[in-house]
Amino acid sequence: MSTYSRETEGLALVHKFADQVKGRTCKAHLPTSPNILPRLPILIYLVLLTGPSPGGIGAETLISLAAESPAQLILVGRSREKAQATIDAIKVVNASVATKFIEADLTSLASVRKAAQSILADPEIPRIDVVINNAAVMATPFELTPDGIELQLAASHLGHFLLTNMILPKVLAAAAAGPGGARLVLLTSSGHRYSGVRFSDPNFAEPGSYTPYDAYGQAKSAVILYAVALNRRLALRGARGVRAYAVHPGSVQTNLQSHVMKLAPEELATMMDEVSMRVMGMPLAETRRQSPWLTLQQGCATTLRAALDPDLVKQEGVYLQDCELTTDTKLVKEWATDPELAEKLWTLSEELVGEKFDI
Ligand SMILES: NC(=O)c1ccc[n+]([C@@H]2O[C@H](COP(=O)([O-])OP(=O)(O)OC[C@H]3O[C@@H](n4cnc5c(N)ncnc54)[C@H](OP(=O)(O)O)[C@@H]3O)[C@@H](O)[C@H]2O)c1
């Protein structure tokens, strides 16, 4: 029987995989002469996470990681003030962990490019062991970004596509330098089951086509397809130590629900019942009975297993939920894992960000 479940807590996993978090040795820093005995291993373990605002799954992920002394946590967000509150909470857990804030609005390609360039140029970031693409918005009213991209697709997928592809050299440096490899953890949602990627009209130009959950479903399906496309490319270039996973964290009450909570109670109930039927195959009350809200600690556990468990690579699959990898097509739709659609998504994403990536 598996030791993991939807009740698994993030902190328990950080302690379980403590060796992954601290004490990694970077080959480049080891003495080259056989006459010089290796000194203490140099602690190098850098995690970069987007969307670190307090009260969210990302903040809880970082605060949990801090317990086992990673060398540095890099917080990528659009608000320095919110990130600072999370940094303060990290320091309460472990004052020795170095932190760095990098400003990026994922719905602005210019802002993402600027952030990626500052990460690439920063000598204090020699490598990135784990990238956690956590930021998103959910079920927002229709909006196009200044780049003309539908908002939820931009926040969940395209901003991360651009950021991750640009900083990949530092992730590859981590995989090359140490035995532990590197991980790309992309936050998706069971909501991907609501809709696949609308390849012919990703920005909902067709009048009347937009619904808040069609856009969320598209964005979260794109996240999984991006993980599939990344893994194919990384394997082809022989970077076997780097693996991408797409994670559904479970249902947790956070600021993510703020847009739907603005709806009138009756409208909200009707909409959520419809969403629950399409995503879970049952009305909302039954979904909540079978799967009550998770705590933040439970909500960050699946991300942390994807980031830390070295044995995951022995199993098949790209999608995790309830702390387990699964290829069950009832849980992860084929429209989100099909390799041909993954390539189509890669091409579409390159078109939308206006840049090709040789990965
Ligand atoms: N909570 C759930 O039940 C649930 C279920 C399934 C999947 N997920 C996924 O889990 C991840 C974390 O969600 P959460 O529940 O922790 O939500 P959250 O508390 O609302 O956190 C989302 C984070 O994303 C950031 N963000 C949003 N738009 C951004 C932008 N344009 N540029 C930069 N950062 C931006 C937010 O920053 P601001 O504070 O500045 O807005 C915040 O830090 C998301 O990918 C979500 O889709 C959550």
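Predicted model: local features only at pLDDT ≥ 70, side-chain atom pairs only at ≥ 80, totals over all residues.

**Strands, core and loops**

Let me start with a pair of strands: E4, residues 130–133, and E5 run parallel and are joined by four bridges.

Leu-186 has Ala-246 in E6 as its bridge partner.

How many of the six residues of E5 are buried? Six of the six, residues 182–187, so the strand is largely enclosed by the rest of the structure. Ala-182, Leu-184 and Leu-186 point one way, Arg-183, Val-185 and Leu-187 point the other way, and all are buried. Note that Arg-183 is on that list of buried residues.

Now strand E2, residues 72–77. Five of its six residues are buried, so E2 is also largely enclosed by the rest of the structure. Strand E1, residues 46–50, is joined to E2 by five bridges, and the two run parallel. One of the bridge pairs there is Val-47 with Leu-73 in E2.

Stepping back to the whole chain, there are 12 helices and eight strands. The C-alpha trace spans about 75 × 45 × 40 Å along its principal axes. Of the 359 residues, 48% count as buried. Taking contacts between residues at least 6 apart in sequence, 76% of them join residues at least 24 apart.

In soluble globular proteins, nonpolar side chains tend to be buried together. Here the largest nonpolar core has 104 residues, and Leu-186, Leu-225 and Ala-227 have the most contacts inside it. Helix H7, residues 212–236, gives the most to this core, with 14 residues.

One more enclosed element is helix H11, residues 301–308. Eight of its eight residues are buried, so H11 is largely enclosed by the rest of the structure. The buried residues of H11 include Thr-302, Thr-303 and Arg-305.

On to the ligand. Which residues come nearest to the ligand? Of the 31 residues around it, they are Gly-51, Ser-53, Gly-56, Ala-135 and Ala-136. By class, the shell has 13 nonpolar, 15 polar and three charged residues.

Two residues have backbone angles to look at. Ser-69 has a phi near 55°, a positive value in a residue other than glycine. Ser-69 sits in the loop between helix H3, residues 57–66, and E2. Cys-323 is not a glycine either, and its phi is positive at about 70°. Cys-323 is in the loop between strand E7, residues 319–321, and E8.

Are these two buried or exposed? Ser-69 has 16 C-beta neighbours inside 10 Å, so it counts as partly exposed. Cys-323 is buried, because 26 other C-beta atoms lie within 10 Å.

Last, the region around E8, residues 324–326. Thr-326 is found in this strand. With 17 C-beta neighbours inside 10 Å, Thr-326 counts as partly exposed. Leaving out residues up to four places away in sequence, Thr-326 touches Gly-317, Tyr-319, Gln-321, Leu-331 and Val-332. Its C-alpha atom is separated by 33 Å from that of Ile-87, 239 residues apart along the chain.

Lys-333 lies in the loop between E8 and helix H12, residues 339–353. Lys-333 is partly exposed, with 19 other C-beta atoms within 10 Å, and the cut-off for buried is 20 or more. Under the same exclusion of residues up to four places away, Lys-333 touches His-192, Arg-193 and Gly-196. The C-alpha atoms of Lys-333 and Thr-86 are separated by 34 Å, and these residues are 247 apart along the chain.

That is what I have. Questions, please.

How values were computed. Residues numbered from 1 in each chain as written. Near = placed C-beta within 6 Å. Nonpolar A, V, L, I, M, F, W, Y, C, P; charged D, E, K, R; others polar. Buried ≥ 20, exposed ≤ 12 C-beta atoms within 10 Å, placed from the backbone. Contact = placed C-beta atoms within 7 Å. Core = buried A, V, L, I, M, F, W, Y, C linked by C-beta atoms within 7 Å. Pairing = 2+ DSSP bridges.
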